[in-house]
Amino acid sequence: MIKNNSASKKKYVFTFLLAALLFTLMSLQLPEREAPGLKLWYQTPADASVPDSKNAWKDDKEWLKALPLGNGSLGAMVFGDVNKERIQLSEESMWSGSKADNDNPEAFAAVAKIRQLLFEGKYKQATKLTNKTQICKGKGSGHGNGAHVPFGSFQTLGDLWIDFNHKAAYKEYYRELDIEEAVVRVRYQQDGVHYKREIFTSYPDQVMMIRLTADKPGKLSFKCTLNRPERFQTEALKDQLVMFGSLDNGKGGEGLQYMCRLSARTVNGSVTYNNSEMMVENADEVILYLTASTDYVLDYPDYKGRDYKTITENNLKNAQQKSWNQLLENHINDYQKYYKRVGFNISRGIEDNISTDERVEAFQKKKADDPILTELIFQYGRYLLISSSRPGTLPANLQGLWANKTQTPWNGDYHTDVNVQMNYWPAEVTNLSEMHLPLFDLMESFIEPATKTAQVQYHNSGWVIHPITNVWGYTSPGEAASWGMHTGGSAWISSHIGTHYAFTGDTAFLKRMYPVLQGATAFYMDWLVENPKTGALVSGPAVSPENTFKAPDGSRCQISMGPAHDQEVIWQLFTDFIQASEVLDIHTDFVEEVIQAKDKLAGPQIASDGRLMEWAEEFEETEPGHRHISHLFALHPGSQINLRETPELAQAAKKSLDYRISHGGGHTGWSAAWLISQYARLGDAEQAKHSLDVVLAKSTSPNLFGQHPPFQMDANFGTTAGIAEMLLQSYSGNIIILPSLPSEWEQGGVYGLKARGGFTVDMTWEKGALLELKVTSLYGNTCKIVYKDKMVESYIKRGEVNIYNGDLERISSGI
Ligand code: FUC
């Protein structure tokens with residue numbers, strides 16, 4: 001029964017007023033939700049007439065001016081050239097190669113001997129024996145040039161050319177990639193006619209859409225062709241141009257089959273298809289539809305069976321049933337569902353009046369702080385992740401989704417000794433958890449071959465991978481021990497399971513992935529051995545990716561027992577496995593054994609010069625500025641070492657970092673990007689900012705693609721993650737607010753960042769100090785917020801929002 005007396009009326013009025021007040025407070029004081037429209041924009045086209053270099057390792061300058069689009073599986077690089085447009089195409093599964101057996105049955109017999117030599121300090125002999133016995137059989141990755149061996153290479157789908165054959169001078173040229181809508185637009189004036197192009201790749205409709213318009217009737221005439229550097233045929237159907245072919249399986253035969261379909265609809269004018277061309281004449285407006293697919297399926301051992309012909313046909317026909325506006329609206333709604341979750345504003349409305357290429361160039365010359373560039377590079381990493389990794393697709397690889405050659409550097413594969421992990425560092429914290437899912441599908445797909453590798457190579461249970469994998473279930477070591485004898489990638493990649501769970505609280509996901517965690521753990525339980533001198537459990541033979549040390553006899557070696565990296569990633573794996581077992585209420589003898597083994601693991605150590613040790617002994621590194629900083633995994637992305645709980649180790653990590661940098665470290669894009677996060681974890685805002693500046697100054701292309709060099713996408717993802725890490729950190733149960741805010745970002749706001757424990761965090765700051773903070777709990781959890789030397793702890797109910805002032809005093813709370 002509803003009470004209707006005056007006391008309850010008063011209570012009702014009071015509650016209403018309170019709610020209204022709260023609402024006003026919330027709406028008045030929320031962080032600014034919008035940065036001014038973020039775009040990459042240019043006043044000149046990328047020159048489509050310059051041919052790509054045949055050299056896999058040489059970047060193509062014009063391609064690095066083209067603008068990327070992607071729906072997770074179909075990618076495009078739009079040149080925006082006037083006379084002849086080039087839209088370079090990618091499809092996520094365009095991989096040469098095929099499944100192969102590279103496991104080495106000779107390996108097991110030598111492992112015990114290698115360990116003995118290493119414990120005796122005979123590094124030279126051990127490294128030699130490892131090289132002889134522990135590497136893969138066969139051709140491995142083809143030394144990173146594997147397009148024609150079974151490992152294969154991720155490669156271009158080809159090119160769509162739109163030839164206007166109209167060489168007259170043009171003016172008022174403009175092109176942009178609007179990263180708030182994921183649309184490329186081009187416009188110019190030629191012979192008194194204003195032309196426009198709009199292009200997007202739709203996830204919901206699985207089609208690439210191009211609309212060409214002119215402001216005078218009948219002015220659109222052009223010829224379209226589809227081609228690629230090799231292995232293609234084109235055919236004209238009644239209303240389609242089709243390109244198809246099969247790729248090299250790396251064993252002298254045909255591998256993957258692919259197909260790409262193009263069709264046009266015009267307003268007035270005509271369209272005709274002949275053998276290798278599509279001709280459009282005298283149209284007022286033209287819409288082009290392009291679909292592509294392959295017969296690849298991420299399913300060991302066959303990896304085949306997708307009905308690519310029907311899929312491409314249906315996607316094309318379905319899109320043709322819809323209007324341009326409908327397709328565009330579907331696309332923008334779908335894209336913005338993810339993109340709009342996070343906003344970052346430090347430019348406070350400064351007008352963006354410098355084109356992006358000039359902006360990058362100006363920064364590279366003057367290095368004057370550029371807040372617009374910082375916002376752009378941050379959101380661009382999110383844009384690229386949404387564009388290259390969607391639920392149900394393959395994960396983003398070294399090229400993201402974009403490749404213009406048939407041999408890409410390092411085969412465009414999945415390197416597991418930092419690179420593929422870095423691709424996913426921004427996924428959780430920048431509120432793109434769904435985009436993380438393809439990584440877990442890949443992991444599940446390689447468990448079967450990786451289980452075989454563990455048995456054949458080492459007679460171990462569980463599963464193991466080495467520093468490279470691909471879409472064909474490659475899990476064997478590499479072809480040289482110096483980099484290829486690395487099992488640590490198995491533990492490192494597994495840490496993403498715990499991370500995804502920590503942010504989302506998705507128990508069903510944890511249940512699904514528990515066997516994968518358990519399998520990785522089982523491998524190391526068999527793999528670890530006692531160091532006869534200390535009794536601690538150590539991993540090996542192992543490299544510290546991909547570094548070399550001087551052994552006591554002066555020789556250059558890579559192989560040792562218990563390098564810090566392996567110990568740290570295994571510690572993380574065991575920690576995650578134990579926690580997952582608790583969450584899922586699994587209490588087996590095996591879990592008990594892992595708890596005990598974790599206690600016996602050799603841990604991080606400090607050298608006599610105060611640096612964190614990379615190897616179990618104080619070796620001198622042959623390259624003190626080495627790009628990898630693998631022994632600092634425990635600082636970031638791990639958290640075994642942190643400022644609050646292990647301040648001495650954190651100081652040692654800082655010394656190691658400073659030393660690396662003073663010797664030229666951080667010289668590749670991904671390496672500099674990693675330093676942003678490392679310094680952010682150390683609370684060193686100025687060094688974190690400096691590392692960000694290094695990425696922008698040395699490793700950023702005109703289209704903002706990261707550079708190793710050559711182009712490698714991990715630098716983009718690592719940079720976005722690094723910026724987030726400067727604004728918000730969450731580990732060991734704490735949410736740390738503005739841990740590394742540089743002086744240049746004096747005022748600003750961010751909304752939508754995520755923290756472990758299932759929280760969304762919005763905040764504003766002024767004069768370098770927190771102004772207001774809003775924490776929303778997604779599933780109800782205790783929240784320990786740390787800002788400078790202040791800390792508040794409270795339980796926030798599911799869906800509840802707490803707002804705090806700069807002193808961490810709660811000023812409002814409500815659902
Ligand atoms: C790792 C790095 C290289 C490169 C390659 C793809 O092996 O050491 O620098 O990024 O991956």
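The lining of the largest pocket draws at least two residues from each of α9 (425–429), α12 (488–504), α14 (564–583), α19 (714–727), β25 (728–731), β26 (734–737) and β30 (781–787); helices (H or I, at least four residues) and strands (E, at least two) are DSSP runs, numbered from the N terminus. The model is predicted, with local features requiring pLDDT of at least 70 and side-chain atom pairs counted only at pLDDT 80 or more, while totals for chains, interfaces and linings use all residues. Residues are numbered from 1 along each chain as its sequence is written, and side-chain values use heavy atoms, with hydrogens and water left out.

By class, the lining contains 20 nonpolar, 20 polar and 9 charged residues (nonpolar: Ala, Val, Leu, Ile, Met, Phe, Trp, Tyr, Cys and Pro; charged: Asp, Glu, Lys and Arg; polar: the others, Gly among them).

An open sheet is formed by 9 strands in the order β1-β6-β7-β8-β9-β16-β13-β12-β11, with antiparallel pairing (two strands pair if DSSP finds at least two bridges between them). At its edges, β1 (39–42) and β11 (233–236) each pair on one side only. Within the sheet, β7 (residues 183–190) and β8 (residues 193–202) run antiparallel and are joined by 7 bridges. Arg185 stands opposite Glu198 in β8.

Aromatic pairs number 39, where rings of Phe, Tyr and Trp (its six-membered ring) pair if their centres lie within 6.5 Å, and planes under 30 degrees apart count as stacked, over 60 as edge-to-face and the rest as tilted. Tyr123 and Phe549 form an edge-to-face pair, at 5.6 Å centre to centre and 90 degrees between the planes. Tyr123 belongs to helix α3 (residues 123–133) and Phe549 to strand β22 (residues 549–550), so this pair ties together parts 426 residues apart in sequence. Tyr123 is buried at 5% relative accessibility, and Phe549 is buried at 0% (buried: under 20% relative accessible area, 1.4 Å probe, protein chains only). Tyr173 and Tyr188 form a stacked pair, at 6.5 Å centre to centre and 20 degrees between the planes. Both Tyr173 and Tyr188 are buried.

Terms used
Buried means under 20% relative accessible area, exposed over 50%, partly exposed in between (1.4 Å probe, protein chains only).
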